[in-house]
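Trainee: Could we go through this model together? I would like to begin with its pockets.

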Amino acid sequence: MTPQITNNRMVLLNIKAENSSAEIAATDVGVIFNRQRAESQVLVADGEAAVIGGLTVTETNRFRSGIPVLMNLPFVGRLFSQNSKNETKRDLLILVTPHILDDGVIPPSR
(Lines give C-alpha, C1' and ligand atoms only; values in the text may rest on other atoms or scores of the structure.)
Protein backbone atom coordinates (compact mmCIF):
# COMPACT_ATOMS: atom_id res chain seq x y z
CA MET A 1 0.00 0.00 0.00
CA THR A 2 1.30 3.41 -0.96
CA PRO A 3 -0.45 6.42 0.63
CA GLN A 4 -0.32 9.99 -0.68
CA ILE A 5 -1.87 12.99 1.06
CA THR A 6 -3.55 15.53 -1.21
CA ASN A 7 -3.83 19.32 -0.65
CA ASN A 8 -7.36 19.02 0.79
CA ARG A 9 -6.30 16.37 3.39
CA MET A 10 -7.63 13.41 1.45
CA VAL A 11 -5.60 10.20 1.26
CA LEU A 12 -4.93 8.58 -2.12
CA LEU A 13 -4.11 4.89 -1.63
CA ASN A 14 -2.49 2.67 -4.25
CA ILE A 15 -3.34 -0.80 -2.96
CA LYS A 16 -1.94 -4.11 -4.17
CA ALA A 17 -3.55 -7.12 -2.48
CA GLU A 18 -2.74 -10.80 -2.89
CA ASN A 19 -4.50 -13.97 -1.77
CA SER A 20 -2.28 -17.04 -2.14
CA SER A 21 -2.28 -20.64 -1.01
CA ALA A 22 -0.37 -23.87 -1.61
CA GLU A 23 -1.63 -27.40 -2.04
CA ILE A 24 -0.08 -30.77 -2.78
CA ALA A 25 -0.50 -31.79 -6.41
CA ALA A 26 -2.21 -35.04 -7.38
CA THR A 27 0.71 -35.90 -9.68
CA ASP A 28 4.47 -35.94 -9.07
CA VAL A 29 4.73 -32.19 -9.70
CA GLY A 30 4.97 -31.48 -5.97
CA VAL A 31 3.18 -28.35 -4.81
CA ILE A 32 0.76 -26.11 -6.69
CA PHE A 33 0.64 -22.42 -5.74
CA ASN A 34 -2.68 -20.64 -6.23
CA ARG A 35 -2.43 -16.86 -6.39
CA GLN A 36 -4.91 -14.04 -6.92
CA ARG A 37 -3.93 -10.40 -7.17
CA ALA A 38 -5.90 -7.19 -7.17
CA GLU A 39 -4.71 -3.64 -7.67
CA SER A 40 -6.84 -0.65 -6.76
CA GLN A 41 -6.60 3.10 -6.31
CA VAL A 42 -8.85 4.69 -3.68
CA LEU A 43 -9.36 8.30 -2.56
CA VAL A 44 -10.70 8.53 1.01
CA ALA A 45 -10.96 11.17 3.71
CA ASP A 46 -8.88 11.09 6.89
CA GLY A 47 -10.31 8.35 9.16
CA GLU A 48 -12.75 7.10 6.53
CA ALA A 49 -12.87 3.35 5.80
CA ALA A 50 -12.40 1.90 2.33
CA VAL A 51 -13.55 -1.63 1.48
CA ILE A 52 -11.85 -3.67 -1.22
CA GLY A 53 -13.41 -6.92 -2.38
CA GLY A 54 -13.38 -9.21 -5.37
CA LEU A 55 -10.89 -11.84 -4.24
CA THR A 56 -13.24 -14.82 -4.36
CA VAL A 57 -12.13 -18.45 -4.13
CA THR A 58 -14.41 -21.36 -5.05
CA GLU A 59 -13.29 -24.87 -4.05
CA THR A 60 -15.02 -27.97 -5.41
CA ASN A 61 -14.36 -31.38 -3.88
CA ARG A 62 -15.72 -34.65 -5.25
CA PHE A 63 -15.96 -37.80 -3.14
CA ARG A 64 -16.67 -41.39 -4.10
CA SER A 65 -17.46 -44.02 -1.51
CA GLY A 66 -18.97 -47.48 -1.53
CA ILE A 67 -18.35 -51.17 -1.13
CA PRO A 68 -14.76 -52.01 -2.05
CA VAL A 69 -14.28 -54.16 -5.15
CA LEU A 70 -18.00 -54.03 -6.07
CA MET A 71 -17.96 -50.27 -6.66
CA ASN A 72 -15.17 -50.71 -9.24
CA LEU A 73 -17.09 -53.22 -11.41
CA PRO A 74 -18.03 -51.94 -14.86
CA PHE A 75 -21.73 -51.05 -15.37
CA VAL A 76 -23.04 -52.37 -11.99
CA GLY A 77 -20.47 -50.51 -9.89
CA ARG A 78 -22.79 -47.51 -9.71
CA LEU A 79 -25.25 -49.58 -7.69
CA PHE A 80 -22.63 -50.11 -4.97
CA SER A 81 -21.14 -46.61 -4.81
CA GLN A 82 -22.12 -43.07 -3.98
CA ASN A 83 -20.74 -39.87 -5.48
CA SER A 84 -20.98 -36.53 -3.71
CA LYS A 85 -19.79 -33.02 -4.47
CA ASN A 86 -19.00 -30.24 -2.01
CA GLU A 87 -18.57 -26.62 -3.14
CA THR A 88 -17.19 -23.90 -0.85
CA LYS A 89 -17.02 -20.19 -1.68
CA ARG A 90 -14.87 -17.73 0.24
CA ASP A 91 -14.71 -13.97 -0.24
CA LEU A 92 -11.84 -11.86 1.01
CA LEU A 93 -12.73 -8.32 2.05
CA ILE A 94 -10.00 -5.83 2.93
CA LEU A 95 -10.87 -2.87 5.16
CA VAL A 96 -8.45 0.07 5.17
CA THR A 97 -8.80 3.15 7.39
CA PRO A 98 -6.02 5.71 6.89
CA HIS A 99 -5.28 8.38 9.52
CA ILE A 100 -3.21 11.50 8.86
CA LEU A 101 -0.80 12.13 11.73
CA ASP A 102 0.21 15.74 12.20
CA ASP A 103 3.42 16.70 14.02
CA GLY A 104 2.99 16.59 17.82
CA VAL A 105 -0.39 14.86 17.70
CA ILE A 106 -0.89 11.51 19.43
CA PRO A 107 -2.26 8.83 17.05
CA PRO A 108 -5.81 7.56 17.74
CA SER A 109 -5.97 4.55 20.05
CA ARG A 110 -7.62 1.31 19.04
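Trainee: Which residues lie nearest the centre of the largest pocket?
Mentor: S21, N34, V57, E59 and R90 do, out of 14 residues in the lining. A pocket here is an open set of points on a 1 Å grid over the protein atoms alone, where a 1.4 Å probe fits, with protein on both sides within 12 Å along at least five of seven lines; lining residues have an atom within 4 Å of a point. The model is predicted, with pLDDT of at least 70 needed for local features and 80 or more for side-chain atom pairs, while totals for chains, interfaces and linings use all residues. Numbering starts from 1 along each chain as its sequence is written, and side-chain values use heavy atoms, without hydrogens or water.

Trainee: Which strands supply the lining?
Mentor: β2, β3 and β4 (50-66) each give at least two residues. Strands are DSSP runs of E, at least two residues long, numbered from the N terminus.

Trainee: On to the sheet: what is the strand order?
Mentor: The open sheet runs β1-β2-β3, with antiparallel pairing; two strands pair if DSSP finds at least two bridges between them. β1 (2-5) and β3 (31-45) are at the edges with a single partner strand each, so one side of each has no neighbour in the sheet.

Trainee: How many bridges join β2 to β3?
Mentor: There are 15, with β2 spanning residues 10-24. Among the pairs, N14 is opposite Q41, and I15 has S40 as its bridge partner.

Trainee: And what of the turn between them?
Mentor: Six residues separate β2 and β3 in this hairpin, and G30 in the turn has a positive phi of about 115 degrees.

Technical notes
Helices (H or I, at least four residues) and strands (E, at least two) are DSSP runs, numbered from the N terminus.
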